Amino acid sequence: MRIAREYMTYLSRVLTERALAEKLISAPDPHPVTEAIHRAIEHEFAVEDRINEEARAILSAHAEEMQRLGASYSDAFKKIKAELVRKHKVVL
(Lines give C-alpha, C1' and ligand atoms only; values in the text may rest on other atoms or scores of the structure.)
Protein backbone atom coordinates (compact mmCIF):
# COMPACT_ATOMS: atom_id res chain seq x y z
CA MET A 1 0.00 0.00 0.00
CA ARG A 2 1.45 3.33 -1.03
CA ILE A 3 -0.22 5.61 1.49
CA ALA A 4 -0.43 5.47 5.26
CA ARG A 5 -3.61 4.22 6.88
CA GLU A 6 -3.82 7.47 8.83
CA TYR A 7 -3.98 9.37 5.56
CA MET A 8 -6.78 7.11 4.32
CA THR A 9 -8.75 7.96 7.47
CA TYR A 10 -8.13 11.66 6.91
CA LEU A 11 -9.03 11.41 3.22
CA SER A 12 -12.25 9.55 4.02
CA ARG A 13 -13.28 12.18 6.53
CA VAL A 14 -12.50 15.08 4.16
CA LEU A 15 -14.35 13.44 1.27
CA THR A 16 -17.39 12.91 3.49
CA GLU A 17 -17.30 16.48 4.77
CA ARG A 18 -17.02 17.93 1.28
CA ALA A 19 -19.75 15.72 -0.16
CA LEU A 20 -22.07 16.78 2.68
CA ALA A 21 -21.11 20.45 2.34
CA GLU A 22 -21.74 20.40 -1.42
CA LYS A 23 -25.02 18.57 -0.78
CA LEU A 24 -23.92 15.70 -3.02
CA ILE A 25 -25.11 13.36 -0.30
CA SER A 26 -27.25 13.69 2.79
CA ALA A 27 -26.75 11.68 5.92
CA PRO A 28 -28.01 12.25 9.46
CA ASP A 29 -24.80 10.68 10.79
CA PRO A 30 -21.64 11.12 8.68
CA HIS A 31 -19.73 8.36 10.50
CA PRO A 32 -21.14 5.41 8.47
CA VAL A 33 -20.47 7.33 5.25
CA THR A 34 -16.88 7.98 6.32
CA GLU A 35 -16.43 4.31 7.18
CA ALA A 36 -17.82 3.20 3.82
CA ILE A 37 -15.52 5.57 1.95
CA HIS A 38 -12.57 4.38 4.04
CA ARG A 39 -13.32 0.73 3.21
CA ALA A 40 -13.61 1.56 -0.49
CA ILE A 41 -10.29 3.43 -0.53
CA GLU A 42 -8.60 0.66 1.43
CA HIS A 43 -9.94 -1.96 -0.98
CA GLU A 44 -8.70 -0.05 -4.02
CA PHE A 45 -5.22 0.46 -2.60
CA ALA A 46 -5.01 -3.19 -1.57
CA VAL A 47 -5.34 -4.26 -5.21
CA GLU A 48 -1.68 -3.41 -5.85
CA ASP A 49 -0.62 -5.33 -2.73
CA ARG A 50 -2.47 -8.42 -3.95
CA ILE A 51 -0.90 -8.14 -7.41
CA ASN A 52 2.57 -7.76 -5.87
CA GLU A 53 2.02 -10.88 -3.77
CA GLU A 54 0.83 -12.84 -6.80
CA ALA A 55 3.90 -11.71 -8.77
CA ARG A 56 6.21 -12.76 -5.93
CA ALA A 57 4.55 -16.19 -5.80
CA ILE A 58 5.05 -16.65 -9.54
CA LEU A 59 8.70 -15.60 -9.25
CA SER A 60 9.37 -17.95 -6.35
CA ALA A 61 7.86 -20.82 -8.33
CA HIS A 62 10.27 -20.09 -11.17
CA ALA A 63 13.32 -19.14 -9.07
CA GLU A 64 15.50 -22.01 -10.30
CA GLU A 65 14.77 -21.29 -13.95
CA MET A 66 15.47 -17.58 -13.46
CA GLN A 67 18.75 -18.33 -11.73
CA ARG A 68 19.75 -20.73 -14.51
CA LEU A 69 18.97 -18.12 -17.15
CA GLY A 70 20.55 -15.29 -15.16
CA ALA A 71 17.36 -13.25 -15.23
CA SER A 72 17.08 -10.12 -13.13
CA TYR A 73 14.53 -10.43 -10.32
CA SER A 74 13.48 -6.79 -10.55
CA ASP A 75 13.02 -6.90 -14.34
CA ALA A 76 11.06 -10.14 -14.12
CA PHE A 77 8.94 -8.72 -11.28
CA LYS A 78 8.06 -5.63 -13.35
CA LYS A 79 7.12 -7.75 -16.37
CA ILE A 80 5.02 -10.18 -14.36
CA LYS A 81 3.32 -7.34 -12.49
CA ALA A 82 2.48 -5.59 -15.77
CA GLU A 83 1.01 -8.84 -17.13
CA LEU A 84 -1.06 -9.36 -13.98
CA VAL A 85 -2.36 -5.79 -14.19
CA ARG A 86 -3.50 -6.46 -17.77
CA LYS A 87 -4.95 -9.84 -16.79
CA HIS A 88 -6.94 -8.43 -13.87
CA LYS A 89 -7.85 -5.27 -15.81
CA VAL A 90 -6.89 -2.86 -13.04
CA VAL A 91 -5.29 0.56 -13.05
CA LEU A 92 -2.43 1.23 -10.68
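Glu-48 sits in helix α2, which covers residues 30-61; helices here are DSSP runs of H or I with at least four residues, numbered from the N terminus. The model is predicted: local features need pLDDT of at least 70, side-chain atom pairs count only at pLDDT 80 or more, and totals for chains, interfaces and linings use all residues. Residues are numbered from 1 along each chain as its sequence is written, and side-chain values use heavy atoms, with hydrogens and water left out.

**Glu-48**
- Glu-48 counts as buried, at 12% relative accessibility; buried means under 20% relative accessible area, exposed over 50%, and partly exposed in between, with a 1.4 Å probe and protein chains only.
- The side chains of Glu-48 and Lys-81 are joined by a polar contact of 2.7 Å. Such a contact is a pair of N or O atoms within 3.5 Å; within protein, one must be able to donate a hydrogen and the other to accept it, and residues adjacent in sequence count only if both atoms are side-chain atoms.
- Not counting residues up to four places away in sequence, Glu-48 touches Arg-2, Lys-81 and Leu-92, where contact means heavy atoms within 4.5 Å.

**The largest pocket**
- Glu-48 is also one of the residues lining the largest pocket, along with Arg-2, Glu-44, Phe-45, Val-47, Val-90, Val-91 and Leu-92.
- A pocket is found on a 1 Å grid over the protein atoms alone, as an open set of points where a 1.4 Å probe fits, with protein on both sides within 12 Å along at least five of seven lines; lining residues have an atom within 4 Å of a point.
- The volume of the largest pocket is about 180 Å³, taken as the space filled by probe spheres set on the points.

**Helix α1 and Ser-12**
- Helix α1 has 17 residues and reaches 24 Å from its first C-alpha to its last, close to the 24 Å expected at 1.5 Å a residue. The expected span is 1.5 Å times one less than the number of residues.
- The buried residues of α1 are Met-8, Ser-12, Val-14, Thr-16 and Ala-19, and they pack against α2.
- Ser-12 has a relative accessible area of 0%. Leaving aside neighbours within four places in sequence, Ser-12 is in contact with Thr-34, Ile-37, His-38 and Ile-41.

**Positive phi angles**
- Lys-23, in the loop between α1 and α2, has a positive phi near 60 degrees and is not a glycine. Lys-23 is exposed, at 71% relative accessibility.
- Lys-89, in the segment after α4 (73-88), has a positive phi of about 55 degrees although it is not a glycine. Lys-89 is exposed, with a relative accessible area of 74%.

Methods
Helices (H or I, at least four residues) and strands (E, at least two) are DSSP runs, numbered from the N terminus.
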